[in-house]
Every structure is written in C-alpha cells, then in structure tokens.
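Please look over the model below. A short report follows.

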Amino acid sequence: MEEANVPVEAVPAEENGVEEATDRLAALQTDANDGKDNGEVAKKKKRKNKSKKKKELPEQTNPPSIPVAELFPSGEFPEGEIQQYKDDNLWRVTSEEKRELERLQKPMYNSVRRAAEVHRQVRKYIREILKPGMLMTDLCETLENTVRKLISANGLQAGIAFPTGCSLNWVAAHWTPNTGDKTVLQYDDVMKLDFGTHIDGLIVDCAFTVAFNPMFDPLLEASREATNAGIKESGIDVRLCDVGAAIQEVMESYEVEINGKTFQVKSIRNLNGHSIRPYQIHAGKSVPIVKGGEQTKMEEGEFFAIETFGSTGKGYVREDLECSHYMKNFDVGHIPLRLPRAKQLLATINKNFSTLAFCRRYLERLGETKYLMALKNLCDAGIVQPLPPLCDARGSYISQFEHTILLRPTCKEVISRGDDY
Ligand SMILES: [Co+2]
C-alpha cells in the first residue's frame, strides 16, 4: 500500500553519486580483496558441481548484494545472544506462563532479528573496506546503500532507522557529513560508526569504534567492556542507576597512553543508553553510564540500547558544529502550517521518515533542494527537533560501543550481538 514501494535505488538523483562513490572506493581497494575474489570464484565452481546432488542455501556475495530475506528461506532469522536473568529472576527460565508469552511474540522477535542480521552483515563488509584516505561521504553512502539492499528497503516498513553516525575523535555522536563535506578519514582518527536498521519500526541501534592506530586499543576496549558490563547488569526489575554504576566501574578501570601522555578513561556523564519503542529511538528511559542515576527500573518486554562512551577529555559533551541530524518530535500531534514550503517539507518527512531520525543527505536523495529555511520553520514550530553533533574537549578522543537488547519474559536477548563485538 505504501507507494514508497518503489525500490530506493530507483531514485534517479542518487545514481551518479553512488557510482562515483563506488568508483572512488574501488580505487582504494587492496590486493587482499583480489585474493578473496579468486577464492570466491573457486568456491562457486565447487558449489556448482555439488548443487546437482543437493540444493544449497544461497550465500552472501562480496560486496553484499543479496537481501537477508533470501538468505533465510525458512523466514526464521538467527536469535541473538541469550543471557539468563540473575538471582530473583532465575525462575523465569522455566516458567510455562512466561514461555507462552514469548510464543505469542515470536513474529515480532523474528522481525527485529532480521534487522539485526542486516546490521551484522553490513558492518562486517564496511570493516573490510574501511581505510584511511576514504571520503566520509563515500563511506556513509556505501554503508547506507548496502543496508537498503540487504534489508529490502520499503517505505516505512523496512529500512535505515537513523543517519549513519561516523563521528570522529572528540565528537561523540550525531555527526554525519552534509552534502559537499570533504572530510577524509585519517590513520589517527577514532571513528564511532553508529547506524540503525529497522523492520516495521523495530529498531536495531548498534555501534562500534574504528581506530587504525593501535595506540587507541585500550580506549576501544574500555567502552567495549563497559557496554558488555552494562548488558550483563541489565534485567527485569534492575534499577537504571545500578546499570550506570556497573558501566562506570569497568570504563574507568582503563588507562590509555596517547602520544606519551596517560589518561584514565572517563565515562561521558551526560550521555546515556535509552529504551526503544517502535519508530521511537528514545522512548523515555535513559540508561546512565555513570553512578548516581535514576532508580527507575527496567521492565519485561522493553528494548534498550546499551551504549557507553569512553573519553580522554572532560567526560562531558556539548552541542557544537553544523547540524546534520533531525527527527520529528514523537509526541507532537497535527499542527496546521501556513507556509507552503514548510508544509510540503513536512509531507516529505511524514511519508519517508515519520518519527525516525533523518539527515540532510536523506532529504536531498529524495529530491529536496533549498529546504533549509523550511526545515528551520519546522524546528522553530517544535515539530522537528535538530540533533547537533555532541562534542567533548577539542583534541580529546572518544570511543563507543552499543548493542540493542530485549528483556524477554524468560531471558535477555542481545539482539545485535555478532562474532565481532
Ligand atoms: Co543509541
């Protein structure tokens, strides 16, 4: 019923840009990839011979091009990592009542697992092609087009859940290049790749950090392990402040030496994880990453993004730099608009993003031009919220890891877990 059924690749304005991005990427590819390609050819021949005897499951190509729906013909997508609840909640594992509740939710679990499988396959590919010298815009467009393909993007029913965050160094979050940005990824950069996929608004919010210089390894390990500690601590009836305390303890047990100076890694005190609901990335509950937070409890059935940020700076962020990210206010009802341009832009936003976050590049690929004043009108009217980059002290470095978890009635499922992190 969505007319956005038109495959996104069919948007003409985008075609050239994508090809250019792909060409520039190809120029950067190493011989390592050639070796892989040859291996692929050899494997394919082998498969062809075998296939006479037994029908095999399709395998993903490199670069990835097969929608994950086709890779799992049964329609069942892989479960995430299962963790048992602790202490007072051990009984849930075997409760027949709780198991029945889960049976009813199976289709919903399966949808979000499909979004997670896309996330895993896309990040695996992006890690392979990432290298210093890449244009950030090319990186994002390649990532986004790969998501669109693997998730079988279709209007608001399946697609990208929010802009590709690729914040560098002291920028913690909410940075993606605007059109024309010439930023090039550097060997000494610390990049947070934070991207989201969704099926029917069920969002997988998952992020990792990339650094080429091994000097940053302890900084990355700090936030990776802090996030794992937060996931471990999470559970039904667990107080959010206890999750924050567990995260900070692990994070701040790390030190990192950068160019001869030693820093204790700090948890950024004004950044949080968050609960997630359909089409609502920040659904109301915040998961602190330092001690002293709220006593509010996590509840059965909730989705949470557990994310932590480790910094060598002040451990405090403020809004800075040019804005790229925007999102419709989830709670705002119909507001009549008189300015025709603002009205028309809002129609585009409603149709393509609804209450999912978007960026300027996403508007432009839909054919929007000269929309900045209209966008400002929507922000001033309180309909759209600008989400500017969040920055610590200039010259500092920040790492981030994030997973989406689901507090199922019988167990905790780390939906976005992969063999990478
Ligand atoms: Co998040």
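What share of the 421 residues in the protein is buried? Buried residues make up 53%; the term means under 20% relative accessible area, with exposed over 50% and partly exposed in between (1.4 Å probe, protein chains only).

This is a predicted model, in which local features need pLDDT of at least 70, side-chain atom pairs count only at pLDDT 80 or more, and totals for chains, interfaces and linings use all residues. Residues are numbered from 1 along each chain as its sequence is written, and side-chain values use heavy atoms, with hydrogens and water left out.

**Overall fold**

The protein has ten helices and 18 strands. These are DSSP runs numbered from the N terminus: helices are H or I with at least four residues, strands E with at least two. Take contacts (heavy atoms within 4.5 Å) between residues at least 6 apart in sequence: 77% join residues at least 24 apart.

**The cobalt site**

Four residues coordinate the cobalt ion: D205 (OD), H274 (NE2), E307 (OE) and E402 (OE), at 2.1 to 2.5 Å. Donors are N, O and S atoms within 2.8 Å of the metal (3.2 Å for Na, K and Ca); water is not among the atoms, so sites may look incomplete. Along the chain the donors follow the spacing D-x68-H-x32-E-x94-E. H274 sits in strand β9 and E402 in strand β17, so this pair ties together parts that are 128 residues apart in sequence.

| Donor | Strand | Relative accessible area |

**The annotated histidines**

An unreviewed UniProt entry places the feature "binding site" at H174 and H282. Such annotations may be inferred rather than shown by experiment; feature names are shortened and positions follow the numbering used here. The two are spread over 109 residues of sequence, yet they cluster in space, with a largest C-alpha distance of 13.9 Å.

H174 lies in the loop between β3 (171-173) and β4 (190-199). H174 is partly exposed, at 25% relative accessible area. Leaving out residues up to four places away in sequence, H174 touches several residues, among them S324, H325 and P388.

Where does H282 lie? H282 is in the loop between β9 and β10 (286-288). With residues up to four places away in sequence not counted, H282 touches H274 and S275. H274 is also one of the cobalt donors.
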